[in-house]
Amino acid sequence: MSLETTHQGTPTASDDAKESQGFTWYAPWSRYQAPPSANVPSDGNAGVNSASQQLNGQKLEPTVEEPSVPSTEGTDATGSPNPIESSISQNRTGWMSFFSARAMAMKSITYEKEGEMEVMDIDEDASAAEGTGNTSLPTPAGTPDPSIKETRPPQLPSATGRGPPTTVEKTDVKQQQKVTTVTTSEANVREVVVRQSSPSPSKKSIVKTPVTPRPPNVVLPTWEDIFHVPPRSIIPEAPESTLAKALKSVTGALFARNESSAEQGKGKRREAACSPYEKALPRAWNILGDDSPDVLRGCQRVVVIGVHGWFPGAVARTFIGEPTGTSSKFVNRVVQALDEFQEKHKVKLRKITKIPLEGEGTINRRVDKLYQNLTSNEEWMNDLREADAIFVATHSQGSIVSTHILDRLIADRHMRTKSNTTVFPGGVALPPQRICCLGLCGIHLGPLRYLNTNSLLSPYIQYFESTAARELFEFQNTESAISTDYIRALRNVLDNGIKMVYIASLNDQVVGLYSGLFTSVSHPLILRAIYIDGDAYHSSDFLSNLLALLLRIRNAGLSDSGLLTHLSEATAGSLNGIGHSTPYEELGTYTLAINYLFLADDGLGEPTELTTESFNALTEQNDYEIPWALRDLIADDRVTSLFSDELVGLRDAFRNWQPKTAIQRDLKRKLQPIQRLSASMISGGERSMSKL
């Protein structure tokens, strides 16, 4: 069958040849200048390219062109006849007749399935629209097309005719498909396979690299390490009455018996294990057997007072920025910690009063100004008198200012304490208020020594900073007048049963550990802890474990042999660091103080006096005393009886300690004797300790 009889009503190639007279040699390529919508494939290769472009550009939607030859065949986009196509009818044995047969043959898309071929074809209307330049949009995947029908042809179509219109079932376009153009010419069958391009990956399939979470900040020692272990976990015996003491004396005189020296020694050790200092240590209510669900114990009104620290001068602020540790921030952080406390223990406070006290200057000037602002506010003072609990949050220089303010409130009888109660006209005395003061990075013993001896900082402080900054260095000596007055105010505050919490920072660039923890004083109501940034802390780090153990020893009322003072220089932060300001951003520091206020009693036995030791930070420390201080600490029977397991664990952590700075590497050499420690030496007492 000839090509002219393939489709009825279609112009033949001979007619096109007649219209090609006068046609220039570059006319066949003029159709590339036409708009894309007017392009009409003229041969089989164009049909293949059209299918390939449609598959690549429109997510490979399985669509094909109409196999019928359009009425404009043989004419390009400009209306001129195509001389190449007009020559096909004249020379049917030429090479162009082979390719034109492909264009007029049926075009189909087949899918390999169970050894058979499914053919998809499109109706004449869609082909006509495509021939006029109207490009149909691809059908979304998964949407059925009403024009598509499924059939299975019994045989392949020939080049001179085609079978009935057949379609195939649409499959998921996301699967790999093979688009095959099947053409036949006499005895040749050719397949052109166009492989589908990989679809763009979805957002859900993109695997993101897991980000290691930042380690949390810690406050050591924890509440459990302080109150759930000896000596605070040991309940002392209740004090005997006068009558009981008299009967015991008479019974001892009448029924006296001789005791061996060993038994007498055991008795002395038992008495020494429960000293008056240890009896006065506050203990957790649940350790004492009071498991009441109301952990507030009748407390309904709370007053929160915030006192900021020293703010640098205008020159320093241009380099380090404006201060962020404001009194309002401290108050808000305390309220946030109180909200978490209430939610955790299922309790509710009736009222919380916020009192942020703002004001700069020297110590005495700030005390006068802030105290005046407080007492002149009648609403604040009424809430202060009616409060069941008072919480004071301070930072740096504010720790000293707050202590003086508490001393004045007690002296003016604005606060109810054990020795300062208020009696109403009816003769009813209100119970003492629960009061706690939190001092973050307090400058109790002045700034670090190197700040006063540095050749660059010393002139700046001397000539450019305010008098308040120079005044802070006077606290480096406990014998100075301003330091003596501060210790007097602190003694009065502690004698009235007010709890103090001192928290230092590991990488503080301004205040050393000895100053932030106020190591030169001792009292049962003073609780000490250290804030360690998450990036600087590791649970197996020897230095962190050593500092936590030394604080547990101090909280037990025992001596640290001066190790905290020697370690302060090795743990100081860089001058441009932020270790001095980060503790007041950590909520755990406020939580520890709130737990100390509500979850612990005020101690048993008679009140204990505040003990002080002279200290001068300007005196350079002899680092060669560190091995001897470590030896004295381990040789203390009271320390080994309470913390023997911790000492052995500290020895094991020393072997894995890898210090990063030169100061810490030098410190490691001085602490080397701890490796000679063994469990038998701890259990052997002083005789074994002498081998260190």
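This is a predicted model: local features need pLDDT of at least 70, side-chain atom pairs count only at pLDDT 80 or more; totals for chains, interfaces and linings use all residues.

Trainee: Which residues of H11 and H22 make the contact?
Mentor: From H11 you have Phe330, Arg333, Val334, Gln336, Ala337, Leu338, Glu340 and Phe341. H22 brings Leu587, Tyr590, Thr591, Ile594, Asn595 and Phe598. By class, the contact of H11 with H22 has 9 nonpolar, 3 polar and 2 charged residues.

Trainee: What about H12 and H14, at what angle do they pack?
Mentor: Helix H12 (residues 363-375) and helix H14 (residues 397-411) pack at about 55°, axes 9 Å apart. That makes H12 oblique to H14. The crossing of H12 and H14 is right-handed.

Trainee: And who meets whom between H12 and H14?
Mentor: On the H12 side it's Ile363, Arg366, Val367, Asp368, Leu370, Tyr371 and Leu374. They meet Gln397, Gly398, Ile400, Val401, His404, Ile405, Arg408 and Leu409 in H14. Sorted by class, the contact of H12 with H14 has 9 nonpolar, 3 polar and 3 charged residues.

Trainee: One more pair. Are H20 and H24 roughly parallel or roughly antiparallel?
Mentor: Helix H20 (residues 542-555) and helix H24 (residues 637-655) pack at about 170°, with their axes 10 Å apart. That makes H20 roughly antiparallel to H24.

Trainee: What's in the contact of H20 with H24?
Mentor: Phe542, Asn545, Leu546, Leu549, Arg552 and Ile553 in H20 meet Val639, Phe643, Glu646, Leu647, Leu650, Ala653 and Phe654 in H24. The contact of H20 with H24 splits into 10 nonpolar, 1 polar and 2 charged residues.

Trainee: OK, switching to sheets. In what order do the strands of the open sheet come?
Mentor: The open sheet has 7 strands, in the order S5-S12-S10-S9-S8-S6-S7, with mixed pairing. Its edge strands are strand S5 (218-220) and strand S7 (351-357), each pairing on one side only. Neighbouring strands of this sheet are turned by 20° against each other on average, ignoring direction.

Trainee: How many bridges join S10 to S12?
Mentor: Strand S10 (residues 499-505) and strand S12 (residues 526-532) run parallel and are joined by 6 bridges. Ser505 stands opposite Tyr531 in S12.

Trainee: Let's do rings. How many aromatic pairs are there?
Mentor: The count comes to 11 aromatic pairs, taking ring centres within 6.5 Å as the cut-off. One of them, Tyr486 with Phe518, is stacked: 5.8 Å centre to centre and 10° between the planes.

Trainee: Where do Tyr486 and Phe518 sit?
Mentor: Tyr486 lies in helix H18 (residues 481-495), while Phe518 is in the loop between helix H19 (513-516) and strand S11 (521-522), so the pair ties together parts 32 residues apart in sequence.

Trainee: Last topic, the backbone. Which residues does a cis peptide bond join?
Mentor: Most peptide bonds are trans. Here a cis bond joins Leu220 and Pro221, with omega about -5°, and Pro221 is in the loop between S5 and helix H6 (223-227). Another cis bond joins Pro230 and Pro231, with omega about 5°. Pro231 is in the loop between H6 and helix H7 (242-254).

Trainee: And what is the phi of Arg297?
Mentor: Arg297 has a positive phi of about 55° although it isn't a glycine. Arg297 lies in the loop between helix H9 (276-279) and S6.

Definitions and conventions
Residues are numbered from 1 along each chain as its sequence is written. Side-chain values use heavy atoms; hydrogens and water are left out. Axes are lines fitted to C-alpha atoms, for helices over the stretch in contact, and angles run from 0 to 180 degrees between N-to-C directions. Helices (H or I, at least four residues) and strands (E, at least two) are DSSP runs, numbered from the N terminus. Angles under 35 degrees count as roughly parallel, over 145 as roughly antiparallel, 65 to 115 as roughly perpendicular and the rest as oblique. A crossing is left-handed if the near helix is turned anticlockwise from the far one by less than a right angle, and right-handed if clockwise. Contact means heavy atoms within 4.5 Å. Ala, Val, Leu, Ile, Met, Phe, Trp, Tyr, Cys and Pro count as nonpolar, Asp, Glu, Lys and Arg as charged, and the others, Gly among them, as polar. Two strands pair if DSSP finds at least two bridges between them. Rings of Phe, Tyr and Trp (its six-membered ring) pair if their centres lie within 6.5 Å; planes under 30 degrees apart count as stacked, over 60 as edge-to-face and the rest as tilted.
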